[in-house]
Amino acid sequence: MSPSGASIASPRGAGAGREWLDVGDATAPEVFLATRSTPKGAPPASPEAVAEIAALLGEADVVFDENRRMLANRTLQLERMLGEISVVETPQALLAGFIAVGRAVGRIGYSDLCQHYFNLRAAGAHRAEALAVLATPAAERRKP
């Protein structure tokens with residue numbers, strides 16, 4: 001069982017063909033995210049990957065106002081947007097980086113963070129640079 005209480009024994013096919021985890025969907029967010037972020041033709045997400053995503057979603061749920069379902073949806077959306085500009089990052093890396101940023105700056109929406117991160121990466125910033133910018137309070141970024 002995952003920390004959310006959902007079974008993680010067999011994520012194969014969970015969320016297959018869907019781009020969004022709908023309200024009321026019985027699929028655990030970590031299973032949905034792990035399954036949907038696995039590249040086509042790759043082996044299905046391992047139970048360990050699902051468990052890692054579950055733990056990260058649990059942490060993110062404490063740091064951000066969005067619920068686990070929306071965190072999974074936004075993370076998948078960002079992963080795909082980044083892929084369109086040839087930037088490959090796993091959901092685990094995205095969640096872990098954003099949890100650190102959220103803890104550093106306090107109140108910030110996960111969706112806003114995703115959009116700002118994408119904009120920075122699209123402008124050429126490397127992962128560490130983008131996360132550092134986002135972890136700097138806005139007031140400090142505006143200083144000349």
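**Close-up views of the aromatic cluster and the nonpolar core**

**View 1. Ring pairs join Phe-64, Phe-98, Tyr-110 and Tyr-117 into a cluster.** The model shown here and in the views below is a predicted one. Phe-64 and Tyr-110 are both buried.

**View 2. Phe-98 and Tyr-117 form an edge-to-face pair.** The ring centres of Phe-98 and Tyr-117 are 5.1 Å apart and the ring planes stand at 80 degrees, which is over 60 degrees, so the pair is classed as edge-to-face. Distant parts of the chain are linked by this pair, since Phe-98 is in helix H4 and Tyr-117 is in helix H5, 19 residues apart. Phe-98 is buried, with a relative accessible area of 1%, and Tyr-117 counts as buried at a relative accessibility of 0%.

**View 3. The surroundings of Phe-64.** When residues up to four places away in sequence are not counted, Phe-64 touches Leu-71, Phe-98, Ile-99, Gly-102, Ile-108, Gly-109, Tyr-110 and Leu-113.

**View 4. The largest nonpolar core has 34 residues.** Within this core, the residues that touch the most other members are Phe-64, Leu-78, Leu-82, Leu-95, Phe-98, Tyr-110 and Tyr-117. Two or more residues are given to the core by each of helix H1 (29-36), helix H2 (47-63), helix H3 (68-84), helix H4 (91-105), helix H5 (110-122) and helix H6 (127-135), and H2 gives the most, with six residues.

**View 5. Helix H2 and its buried residues.** H2 has 17 residues and reaches 24 Å from its first C-alpha to its last, close to the 24 Å expected at 1.5 Å a residue. Buried in this helix are Ala-49, Val-50, Ile-53, Ala-54, Leu-56, Leu-57, Ala-60 and Val-63, and the buried residues of H2 pack against H1, H3 and H4.

**View 6. The buried residues of helix H6.** In H6, the buried residues are Ala-130, Leu-131 and Leu-134. Seen down the axis of H6, these buried residues fall within an arc of 95 degrees, and they therefore line one face of the helix.

How values were computed. Residues are numbered from 1 along each chain as its sequence is written. This is a predicted model: local features need pLDDT of at least 70, side-chain atom pairs count only at pLDDT 80 or more; totals for chains, interfaces and linings use all residues. Side-chain values use heavy atoms; hydrogens and water are left out. A nonpolar core is a set of buried Ala, Val, Leu, Ile, Met, Phe, Trp, Tyr and Cys residues joined through side-chain atoms within 4.5 Å. Buried means under 20% relative accessible area, exposed over 50%, partly exposed in between (1.4 Å probe, protein chains only). Helices (H or I, at least four residues) and strands (E, at least two) are DSSP runs, numbered from the N terminus. Contact means heavy atoms within 4.5 Å. The arc is that of the directions from the helix axis to the C-beta atoms. Rings of Phe, Tyr and Trp (its six-membered ring) pair if their centres lie within 6.5 Å; planes under 30 degrees apart count as stacked, over 60 as edge-to-face and the rest as tilted. The expected span of a helix is 1.5 Å times one less than its number of residues.
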